Amino acid sequence: MDVPENVGGRDRLARAALAVVLTIAAIRSFRNGKRVRGLLAGAGALVFGFNASTKYCGVNDALDVDTSVGVAEDESDDDTAVVSTDDETTESATESATAGASLTCAACGEPIVVGESRSPNEDGKTVHDACK
């Protein structure tokens, strides 16, 4: 039987680490005479170890969650976000922050200073409250 892979990336590493921690907890619990806690920790270690080694999780399958696809796209080191504007153009957030650092009033054309009251007009453009 071929099992589909639905666990990958950081999720798989976290499950492997959790399996190791639960194994240590199970051994310590058995040594201290706490059988129920040791059995529960051991069962959890087996489940998470199985998930990490086979890359399959039954709960992920039941909830239709797949963490093994798109790992390379999600884990990018680029901190810029894509911003969509009204005219359907896209630009990075860092470019828009540097280019639009000075906000100007659509009605009078003067710059809007930080702390000055402003709001959108009927056309959705940012204007001074006094210019409405």
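**Close-up views of a predicted model**

**View 1. The annotated segment, residues 12-30.** UniProt, in an unreviewed entry, places the feature "transmembrane region" at residues 12-30; UniProt positions are given in the numbering used here, feature names are shortened, and annotations may be inferred rather than shown by experiment. Across residues 12-30 the chain is 100% helix and 0% strand, where helices (H or I, at least four residues) and strands (E, at least two) are DSSP runs, numbered from the N terminus.

A word on the model before moving on: it is predicted, so local features need pLDDT of at least 70 and side-chain atom pairs count only at pLDDT 80 or more, while totals for chains, interfaces and linings use all residues. Residues are numbered from 1 along each chain as its sequence is written, and side-chain values use heavy atoms, with hydrogens and water left out.

**View 2. Salt bridge between arginine 15 and aspartate 11.** A search of the whole structure turns up one salt bridge, meaning a side-chain nitrogen of Lys or Arg within 4 Å of a carboxyl oxygen of Asp or Glu. Here the partners are arginine 15 and aspartate 11, whose closest N and O atoms are 3.2 Å apart. Both sit in helix α1 (residues 10-31), four residues apart, or about one turn of the helix. Arginine 15 counts as buried because its relative accessibility is 11%, whereas aspartate 11, at 23%, counts as partly exposed. The classes are buried under 20% relative accessible area, exposed over 50%, and partly exposed in between (1.4 Å probe, protein chains only).

**View 3. Lysine 55 and its positive phi.** Lysine 55 is not a glycine, yet its phi is positive, at about 60°. You will find lysine 55 in the loop between α2 (35-54) and α3. With a relative accessible area of 26%, lysine 55 is partly exposed.

**View 4. Aspartate 64 and its positive phi.** Aspartate 64 also has a positive phi in a residue other than glycine, near 60°. Its place is in the loop between α3 and α4 (71-74). Aspartate 64 has 71% relative accessibility, so it counts as exposed.

**View 5. A nonpolar surface patch.** Val59, Leu63 and Val65 form this patch, with about 270 Å² of accessible area together. Patches are made of residues with over 30% relative accessible area and no salt bridge, with like charges joined within 9 Å and nonpolar side chains (Val, Leu, Ile, Met, Phe, Trp, Tyr) within 5 Å; accessible areas come from the Shrake-Rupley method with a 1.4 Å probe, and for residues only the protein chains shown count as cover. Valine 59 lies in helix α3 (residues 58-63) and, at 54% relative accessibility, counts as exposed.
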